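Here are my notes on this model. Keep the structure open and look up each residue as you read.

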Amino acid sequence: MGKIHVLSDQVANQIAAGEVVERPASVVKELLENALDAGATRIRVEIEAGGRKLIRIADNGHGMMRDDALLAFERHATSKLRSSDDLLSISTLGFRGEALPSIASVARVSVETRAAEDEAGTSLEIAGGNILRVEDAGLPPGTTIAVRDLFFNTPARKKFLRSEQTELGHVAALVTHYALANPSKHFELHTATQALLIAPAVANVGERLFQIFGRDTFESLIPAAAEVDFARAGIPEPPPWKRGEDYEKPEPGFLRVSGFVSKPELQKLNRNSIYVFVNGRLIRDRLVLHAMTEAYRNIIPPTSFPVVLLFLEMPAREVDVNVHPAKTEVRFRQGPFVHDFVRDTVRTALMNARPAASFFAALNSAPNARSSLMVDVSPMPGIDQPVFEPRDGELMPQSEGAIEPGDVAAYELRERIVPPSPGRLGFEGSGMAVGYDEAITANEQEPATLNSLATLKPLGQLRDSFILATNEEGLWIVDQHVAHERVLFEKILRERKVEQVQRQRLLMPMLVELLPEQMVTFAEIAEELERNGFEAEPFGPRTLAVKAAPVGLEGKELERMLEEVLGVTEKSAQVDNEETRRTRIAASIACHAAIKVNMRLEPEKIDWLLRELGKTEHPTSCPHGRPIALRYSLKDIQRAFQRI
């Protein structure tokens, strides 16, 4: 008898469950996506023991007939595909038909469902892939699926689950993000003791963001929105000999990018706070993550990452979602085009906003690894009211009055002391309508920006290192070194672009001793160095003779700059392309040629520096990510002196 045999359906389903059902949040994701595909406008999620004991999701979608309810638990049974051609333009969140049978093979599942046109609904129970009971029942339209005792028959998988609090955190993050992606739908998330999230339907993502996280989080983010015609990228078409008589040229469609990105002062130590949706699907895509990194290059430190909530909309044929078993990865047909457009959209939003960091925010803006845009799931014994719930009848009134400091319990994006009050993230007063194009409130001041840098009146220097200046907005503190560094950086890039870099010849060539690997690096970037104003050549096996350098670089600073540029690590060299190499060299030249700290400046020099800083594209930070100017607003000063 041969060694190869066909696996039973139960074993095959459990193998599939290993790919699809990784943890309770995976079950919630699959069932949430099914509810959204069913056209539900109200979705309620209930969790017990972090999802180990119970996961129940109820929706008011179109429901299922009896035959469909039974067939839904067969492998590869789906209502969303008919032929292989449909795989090329998937517009639904689910499509494989693997989720329900995979979940049912490792848990006890009960389903209650009724289609609107049926008089009676269907109730069925499944345990370990076996149907135990099927009967008619009086039910409202929609579907309720309860998953109990997850991994009850696969103890090895159950052993690898984390603590109840950790698993609940993953579920809460998932539900929150799908609530953000679908603002027109009502979402609820409940545990056995409290309601973690109650989010009624609102008009747009801006309102949803304000609704869930409050004003502080909303004000720390910048809206970004743009669209472009795919015709600019060129639409692939079959060759003429493969086109039939009825062939019609495909419509290119549009790529739309919208969402929110963080101000440079808000930084994270990892990418866990970058959330990207493609056609409503939450994904983790390296292409888009790289576009985010490029958008913030020379604005935040290279080891820090922003907070991003981004939505990409495009024709279904432009993205392949049939790449990963859990559908968390996608492949774009026009990958480079999507990458560049996302990068340019985010960077343009940052350039237009030019946000100014407040003095107090800068004191507490150290990068941390904690994920943002997540609700708090800390246990609160004895509390049965929601962690977040708008007050009845006061969700979104007219936005005529100003929000007072006590109206909204602030949601912090940093470690904080939890107040003793039972309701976290709760609204203590009236809310208001917030949209992409609407001001937060009519009477509130405009968001702080750096557009008024040119109006600053210098007061002097603090320890010959920081410039103190004032205008109608308040008191400003400017780091003179990083301010001059930003001015020089953008000047060098402009001159490099038109090949007009100013250089100065040295009276005697400067000899710089280098390591062997640095000599190899010099050979690779010698042409770029020459375009930036250098004239250098090898003078022996480990010596470099520098005959000319950019204006402003001389002596020890010139030597340090060359050692810095040539001393790149192996990891940095692997991702070093022409653009990053150009900006890296420009940033190093600017840093070493800029005004130093502990250097007294004449009033005319200070005036010139502030004027030039106001003309730069990114006056928020130096090329290495350090903040340039901090503002102590007039309102903060009045509050400190108890004037308001």
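1. Start with a loop. Asn 598 sits in the loop between helix 16 and helix 17 (603-615). This is a predicted model, so treat the positions as such. The phi of Asn 598 is near 60°, a positive value in a residue other than glycine. Most residues other than glycine have a negative phi. Is Asn 598 buried or exposed? Asn 598 counts as exposed because its relative accessible area is 60%, and the cut-off for exposed is over 50%.

2. Now look at Phe 151. Phe 151 also has a positive phi, of about 65°, and is not a glycine. The loop that holds Phe 151 runs between strand 6 (142-148) and helix 5 (155-159). Phe 151 has a relative accessible area of 1%, so it is buried. The cut-off for buried is under 20%.

3. Step back to the whole chain. The protein chain has 644 residues, and 49% of them count as buried. Its secondary structure comes to 18 helices and 23 strands. Take the contacts between residues at least 6 apart in sequence: 75% of these join residues at least 24 apart.

4. Next, the cores. In soluble globular proteins, nonpolar side chains tend to be buried together. Here the largest nonpolar core has 66 residues. Val 28 and Val 147 have the most contacts inside this core. Which helix gives the most to this core? Helix 6 (residues 164-181) does, with nine residues. Another core lies apart from this one and has 35 residues, including Ile 299, Met 314, Val 319 and Leu 350.

5. Val 147 is then in contact with Val 27, Leu 31, Lys 53, Leu 54 and Ile 55, among others. Its contacts also include Ile 103, Ala 107, Arg 108 and Val 109.

6. Thr 176 belongs to helix 6. Thr 176 is buried because its relative accessible area is 0%. What does Thr 176 contact, leaving aside its neighbours within four places in sequence? The residues are Leu 197, Ile 212, Phe 213, Leu 373 and Val 375.

7. Turn to a helix pair. The axes of helix 9 (residues 286-295) and helix 10 (residues 335-353) come within 8 Å. They cross at roughly 35°, and the crossing is right-handed. Helix 9 brings Leu 287, Val 288, His 290, Ala 291, Met 292, Glu 294 and Ala 295 to the contact. Helix 10 brings Gly 335, His 339, Val 342, Arg 343, Val 346, Arg 347 and Leu 350. The residues of this contact divide into eight nonpolar, three polar and three charged.

8. Stay with helix 9. Its buried residues are Val 288, Leu 289, Ala 291, Met 292, Glu 294 and Ala 295. They pack against helix 10, helix 16 (578-593), strand 11 (274-278), strand 13 (308-313) and strand 15 (331-332). Asp 285 caps the N-terminal end of helix 9. A side-chain oxygen of Asp 285 lies 3.0 Å from the backbone nitrogen of Leu 287.

9. Last, find Ala 224 in strand 9 (residues 221-229). Its relative accessible area is 2%, so Ala 224 is buried. Ala 224 touches Val 257, Ser 258, Gly 259, Thr 345 and Ala 349, not counting residues up to four places away in sequence. Ala 224 and Phe 311 are 87 residues apart along the chain, and their C-alpha atoms are separated by 9.9 Å.

Terms used: Residues numbered from 1 in each chain as written. Predicted model: local features only at pLDDT ≥ 70, side-chain atom pairs only at ≥ 80, totals over all residues. Heavy atoms only, no water. Core = buried A, V, L, I, M, F, W, Y, C linked by side-chain atoms within 4.5 Å. Buried < 20%, exposed > 50% of the residue type's maximum accessible area, 1.4 Å probe, protein only. Helix = DSSP H or I, 4+ residues; strand = E, 2+ residues; numbered from the N terminus. Contact = heavy atoms within 4.5 Å. Axes fitted to C-alpha atoms, helices over the stretch in contact; angles between N-to-C directions. Left-handed = near helix turned anticlockwise from the far one by under 90°. Nonpolar A, V, L, I, M, F, W, Y, C, P; charged D, E, K, R; others polar. Polar contact = N/O pair within 3.5 Å; in protein donor to acceptor, adjacent residues only side chain to side chain.
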